Amino acid sequence: MINDDKDLIAAMKQIRLSEAARERMRANLSAYADMHAMPSGNFRDFEVVGFVLSVFARSRPIFAGAFAVVLIASTGAGAALAAEQAIPGEVLYGVKVHVNEPVASVFAGSGEAKARYHAKLAVRRVEEAQLLEEKGVLTPELETDLAERFEAETMKAVEVAEKLADAGDISAPIAIRAELAENPVVERFVAAAVAEDATTATLAVADEVPEGMAPEVATMKRAEGGNEPVEARAMMATMAASDTEATEPPEGALKKAAPEQAMLEAPQPSALRVRVLRALALLDKSVDVEGSTAPAPEAVAAVQIARPKNQTASRALLTGASVSQAAREFMLASTTASSTPDRTSPAFDPALLKQVGREVTPLTSEGDASSE
Amino acid sequence: MDQDEAKDYFLQIYDTYADAIFRFALVKVSDRDVAADLSQEVFMRFWQALREGTTLRNDRALLYTIARNLIIDWYRKKKDQSLDALQEDGFDPRGADEVPILEHAQMQEVLKALHVLDEASREAVLLRYVDGFSPAEIGALRDETANAVSVRISRALAKVRTHLHAHD
């Protein structure tokens with residue numbers, strides 16, 4: 001007996017289809033679904049593919065068409081997602097590099113954020129190289145390919161870093177540099193390169209700056225001042241090793257090391273290694289202010305924490321002021337410590353991802369209070 | 001999604017929402033058989049939406065929207081019928097072949113109690129207290145503000161209370 005609104009609501013909750021009616025309806029619907037089957041080609045995946053194509057179709061050459069065909073012929077957006085993990089040599093790697101990354105770069109914003117995104121892509125190339133090396137399948141051709149891609153990305157990052165540095169923004173180049181240099185993968189890569197070079201006698205070159213050495217090396221030597229970045233030493237060693245044809249072998253090296261032997265046995269510096277070190281050097285150069293030393297790690301860290309707004313404080317750090325003094329400057333300028341949001345996430349709508357993924361989970365709406 | 005996966009997903013949606021959609025339709029059309037027919041059609045249309053690749057951000061909202069639209073269409077077809085005739089049909093104890101008598105009776109009692117309310121209020125009360133929609137979500141379905149919905153609901157409850165107590 002329904003006596004008040006509460007009774008009414010309780011009674012309403014109990015209304016349901018009878019078992020028989022429910023089963024019958026289910027059977028009808030099942031048959032209906034069979035009769036009107038999903039079209040092959042997965043329209044819902046097409047939605048995502050169409051979006052992806054429309055974004056970059058304008059700026060990409062015919063390769064886009066080829067990869068799009070691959071994309072559609074396979075499992076549609078499922079392929080785009082799987083491609084995120086692809087390494088060179090796999091079919092989906094093309095999708096990763098020619099589809100996913102360009103699309104995501106559209107959303108990477110501009111200026112510093114974009115440069116950091118390119119640095120991130122560069123790091124990816126290093127990661128891929130290491131993966132391949134671990135598997136033992138890193139051929140010279142693959143390595144060169146990765147090295148060139150790496151260079152393409154870092155050049156974009158360096159370009160922005162230099163431009164920003166010229167415009168007076170100092171902390172942005174630092175952040176961009178950090179994106180590459182302070183990545184654990186890259187650090188390991190560089191450390192391994194140094195370790196390898198340490199076995200060759202050409203490392204002895206680090207103690208001198210002979211004439212005729214490449215300018216970058218000279219800069220690095222100067223920057224050695226306080227901290228002697230690891231990259232500097234490795235850089236010079238590598239440059240020296242690869243400079244066999246360019247200039248006369250420095251006398252210092254010849255004298256200090258087992259001469260001809262060292263030159264002959266010096267391992268061919270990997271194409272990627274050279275580029276990594278070169279990129280780091282260039283980024284360091286963009287950070288280099290008024291010929292002062294390369295920023296101390298604490299300074300870099302402090303600037304990153306404080307973020308780009310305060311030019312005065314940044315300068316204070318880089319001209320050798322103590323970290324605490326710089327901190328005072330920060331507080332005076334009362335900058336908010338915010339970090340640049342990472343806009344390098346895939347360009348796909350998360351809700352859409354869920355739909356085209358293989359999940360068959362019952363959905364809940366936002367704010368779904370009770371369940372049936 | 002291929003056919004098998006889509007169908008699995010679809011039937012899962014059905015299992016979850018069949019009763020809710022039926023209840024929703026029943027409260028609005030006051031006729032069990034009509035409500036059952038409409039419910040089936042709601043799910044058929046939902047399947048079509050899946051086929052067409054409609055971007056489904058919120059399947060529940062889509063289901064209810066389809067249901068509302070179908071019911072509106074149904075009302076338009078019934079426009080010429082008098083309101084009284086409609087109400088009488090609703091209370092007609094139809095060939096209750098599958099439904100236990102007690103359940104059927106209770107259903108009738110609910111419908112009778114709800115009939116003091118207009119259709120919009122019935123729907124709002126159902127969605128709010130039985131299906132757990134928030135006033136904002138209800139407003140989104142009906143294109144009203146959450147505030148308007150809340151007001152409507154409290155007025156509806158008051159009216160129901162008055163009506164039920166008057167019959168004690």
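Predicted model: local features only at pLDDT ≥ 70, side-chain atom pairs only at ≥ 80, totals over all residues.
Local features were taken at pLDDT of at least 70 and side-chain atom pairs only at pLDDT 80 or more, whereas totals for chains, interfaces and linings use all residues; side-chain values rest on heavy atoms, with hydrogens and water left out. Residues are numbered from 1 along each chain as its sequence is written, and chains are lettered from A and ligands numbered from 1 in the order in which they are written.

Over all chains, the search of the whole structure gives 21 salt bridges, a salt bridge being a side-chain nitrogen of Lys or Arg within 4 Å of a carboxyl oxygen of Asp or Glu. In chain A, A:Arg125 pairs with A:Glu128 at 2.9 Å between the closest N and O atoms. Both residues belong to helix α7 (residues 112-135) of chain A, three residues apart, or about one turn of the helix; helices (H or I, at least four residues) are DSSP runs numbered from the N terminus. An α-helix has 3.6 residues a turn, so residues three or four places apart point the same way. A:Glu128 and A:Arg125 are both buried, that is, under 20% relative accessible area with a 1.4 Å probe and protein chains only; exposed is over 50%, and partly exposed lies in between.

A second salt bridge joins A:Arg177 to A:Asp284, with the closest N and O atoms 2.0 Å apart. Because A:Arg177 is in helix α9 (residues 171-181) of chain A and A:Asp284 in helix α15 (residues 271-287) of chain A, this pair ties together parts 107 residues apart in sequence. A:Arg177 and A:Asp284 are likewise buried. Of the 17 residues of α15(A), 14 are buried, and the helix is mostly covered. From first C-alpha to last, α15(A) reaches 25 Å, close to the 24 Å expected at 1.5 Å a residue, where the expected span is 1.5 Å times one less than the number of residues.

In chain B, the closest N and O atoms of the salt bridge between B:Arg152 and B:Asp118 are 3.8 Å apart. B:Arg152 lies in helix α8 (residues 146-166) of chain B and B:Asp118 in the loop between α5 (101-114) and α6 (119-130) of chain B, so the pair ties together parts 34 residues apart in sequence. B:Arg152 is partly exposed at 23% relative accessibility, as is B:Asp118 at 42%. Through shared partners, salt bridges join B:Arg152 and B:Asp118 into one network that includes B:Lys28, B:Arg68 and B:Glu119.

Positive phi values occur at B:Ser30, near 60°, and at B:Asp143, near 65°. B:Ser30, in the loop between α1 (3-29) and α2 (32-52) of chain B, is buried at 4% relative accessibility. B:Asp143, in the loop between α7 (135-142) and α8 of chain B, is exposed at 72% relative accessibility.

Conventions: Helix = DSSP H or I, 4+ residues; strand = E, 2+ residues; numbered from the N terminus.
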